[in-house]
Amino acid sequence: MTAFPILRRSDRVLIQGVTGAQGTFWTGRMLEAGTNVVAGTNPKRAGVTHLGLPVFASASAAFARMEVDIAVMFVPPPAVKDAALDAIEAGIRGLVVLTEHVPVHDMLAVFSYARASGARVVGANTAGLVTPGEAFVGIMPGHNANIFRPGRIGVISRSGSLGTLVCLNLTRAGLGQSSFIGIGGDAILGTTAEEALQALDRDSRTDAIVLVGEIGGAMEEDAARYAASMAKPVAAFIAGRVAPPGRRMGHAGAIVEAGAGSYAGKRAALERAGVTVVDTPHAIPAALARRLSPLVPERA
Amino acid sequence: MNVLEYHAKTEILAPAGIPVPAGAWCENPDTAANVARCLGQCVVKAQIPAGKRGRMGGVRMAGSPDEARAAAEDILSRTFAGHRPVAVLVEPRLPLIGEFYCAVLQSPRDRSPLVMFSPAGGMDIEEIAAAGSGTIARHLIRDLDRFDATAAAAMLEGMGVDHVKPALADVLARLYRLWRQTDAELIEINPLAELADHSFVALDCKFILDDAASFRQPTLAACAVADPLTGIERHAAALGLKYIALDGNVGVLANGAGLTMTTMDMVSHFGGRPANFLEIGGDAYVKAEPALALVLGNPNLRSLVVNFCGAFARTDVMARGVVEAWRRLKPAIPVFFSVHGTGEDEAVSLIRSEFGKEPFDLMEDAVRAAVEAAS
């Protein structure tokens with residue numbers, strides 16, 4: 001039974017698009033980190049062995065031969081929808097969509113199909129999932145023990161680069177991570193900040209949570225509503241405080257329109273819910289340590 | 001990407017069987033006067049990709065060709081929320097007996113399309129919402145293939161529109177089909193006007209195309225209005241980079257949208273002002289050289305902070321790009337680095353040998369040093 005979107009070493013992983021340059025490079029890193037990658041797909045190269053993995057024409061073909069829990073997609077934007085529907089139809093439980101610039105209507109079709117089939121999607125436009133010391137999937141240095149170290153802090157981030165920096169800061173402060181959940185930078189996501197918060201709240205290996213948010217949308221406000229009911233401490237950093245309104249800041253989701261999705265609104269909602277909101281990423285470990293002081297801090 | 005009202009009506013609504021007024025695109029006041037001569041009482045509307053035009057004086061009633069000419073002349077000489085209209089739309093004034101609001105958009109919370117209707121059209125949806133509950137009908141579409149006139153009629157129940165329900169339901173069903181066919185993020189008719197014979201006409205239409213789908217919507221993408229860009233921003237767009245000019249003097253180069261916004265935030269936190277937003281995350285990490293050249297092209301620059309945290313982006317590749325740009329342009333401003341993550345060892349030794357300085361361990365310290373150097 002998978003704990004997706006919390007990644008476990010026992011999760012059997014299928015890489016869609018395993019033979020491309022990025023698929024090859026990052027699958028190599030995932031294998032180094034101990035991820036249980038069991039197969040890959042490429043519609044044109046079925047039957048070959050790549051990185052020691054069997055390559056199938058489709059997720060359905062892979063499922064006919066083996067059991068798979070999670071599919072991770074290294075496919076270009078126009079091909080994401082069909083690859084995702086293939087994996088969901090085959091019976092996947094969890095789908096990680098790394099691709100950026102997937103058409104919104106394609107993702108809505110994927111979400112609709114996933115909902116009807118009981119599958120969960122993370123992304124699109126996510127950097128991936130890391131459970132330090134166990135496994136990682138995605139396009140981040142999950143295999144680097146200087147950055148990701150086992151521990152009891154759960155981290156949720158829209159951004160891969162900023163999320164990586166936050167984990168580095170935590171590790172250096174002696175606070176290891178139970179799980180990193182990259183939810184993605186798109187405006188509509190398969191797993192929201194609130195849903196990731198719920199998963200980490202239920203996780204017995206997690207004592208406290210860091211939420212790394214961004215301006216735009218209402219996801220942090222929704223997460224705040226749930227955080228108000230939590231016993232575990234939550235600290236947050238929201239990027240985009242000085243971003244000019246009305247301009248998209250790289251991520252499709254990061255835009256402040258007509259006053260909605262503003263830094264001030266998100267910060268106020270989180271603080272009302274008892275979340276400690278910090279001004280700089282570097283302040284996160286100390287803020288968490290203060291909140292965790294009744295507990296024994298993790299030593300790296 | 002926004003599509004102008006005129007194109008939304010003629011390219012999207014009318015071909016789908018949703019009636020629109022018989023208007024004309026006028027790029028100069030004389031054309032507007034000529035059109036008004038044929039139409040009689042008319043409306044002159046600024047064609048800009050932004051809402052609230054009426055309040056900014058961008059929608060004028062004209063009772064004669066001279067009034068239409070004067071309205072067009074004024075509108076075409078002005079800027080509305082940063083947009084200069086390239087044309088006005090001149091339409092006949094229609095005698096209406098009712099105004100409705102109709103829209104299809106996506107609901108991030110529900111990960112589904114959302115159809116919205118209100119009998120209180122003519123004002124912004126935020127104002128309708130503020131006016132009280134019960135005036136907006138919302139219908140979430142869980143199965144994307146299932147929203148027809150029957151479902152639309154069901155959502156109109158209790159909205160006080162029974163006398164025109166089939167016709168309104170037909171418009172809503174057509175609007176949803178259109179939304180799907182056109183890769184719309186938003187399609188909104190406000191107001192949908194009811195005429196004396198209980199027929200309907202779309203008086204205004206807002207349409208936003210999903211940028212990511214423009215490859216398969218070439219016709220709509222061609223008439224979509226791009227953001228008004230400065231010279232550097234346009235140059236960046238041609239290189240496939242997202243650059244936003246800001247009014248400060250501390251240049252920012254970072255990878256990933258989240259880290260770049262954070263670096264800007266830190267500049268402000270330490271009392272400085274960022275000069276730009278520019279991120280080279282994702283596939284763009286190989287473009288550090290042209291990206292930095294863009295940042296350095298800003299004459300206001302007094303210092304630069306380079307903040308890399310490599311996940312997908314390799315910091316060694318980005319650092320090499322920085323070095324190449326620096327050698328080529330020989331800028332006279334101080335630069336401050338913080339580098340972590342994928343490729344870190346190589347990147348740090350390259351920076352050490354090329355710049356004779358050590359990257360800051362904390363990005364906050366690198367930003368603080370850059371702010372101090374700029375002040």
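How many residues of chain B are in contact with chain A, and how many of chain A with chain B? Here are my notes on the model.

1. **Ground rules.** This is a predicted model, where local features need pLDDT of at least 70, side-chain atom pairs count only at pLDDT 80 or more, and totals for chains, interfaces and linings use all residues. Residues are numbered from 1 along each chain as its sequence is written, while chains are lettered from A and ligands numbered from 1 in the order in which they are written.

2. **The A/B interface.** To take the opening question: 47 residues of chain B touch 47 residues of chain A, a contact being two C-beta atoms, placed from the backbone, within 7 Å. On the chain B side, the elements giving two or more residues include strand 7 (112-118), helix 9 (257-269), strand 16 (303-310) and helix 13 (363-374). Helix 9 of chain B gives the most, with 11 residues. Helices here are DSSP runs of H or I with at least four residues, strands are runs of E with at least two, and both are numbered from the N terminus.

3. **What that side is made of.** The chain B side splits into 20 nonpolar, 15 polar and 12 charged residues. For the classes, Ala, Val, Leu, Ile, Met, Phe, Trp, Tyr, Cys and Pro are nonpolar, Asp, Glu, Lys and Arg are charged, and the others, Gly among them, are polar.

4. **Chain B overall.** Chain B has 13 helices and 17 strands, and its C-alpha atoms fill a box of roughly 80 × 50 × 35 Å along the principal axes. Among contacts in chain B between residues at least 6 apart in sequence, 70% join residues at least 24 apart.

5. **Helix 7 of chain A.** In this helix (219-227), M219(A), E220(A), E221(A), A223(A), A224(A) and A227(A) are buried. They pack against helix 6 (193-202), strand 12 (208-214), strand 13 (234-239) and helix 8 (263-272) of chain A.

6. **Cis bonds to look at.** Most peptide bonds are trans. F4(A) to P5(A) is cis, with omega near 15 degrees, and P5(A) sits in the segment before strand 1 (13-16) of chain A. G123(A) and A124(A) are also joined by a cis bond, omega about 15 degrees; A124(A) is in the loop between strand 7 (120-123) and strand 8 (128-131) of chain A.

7. **Positive phi.** L51(A) has phi near 55 degrees and lies in the loop between strand 3 (49-50) and strand 4 (53-56) of chain A. H101(A) has phi near 65 degrees, in the loop between strand 6 (94-97) and helix 4 (104-117) of chain A.

Conventions: Buried ≥ 20, exposed ≤ 12 C-beta atoms within 10 Å, placed from the backbone.
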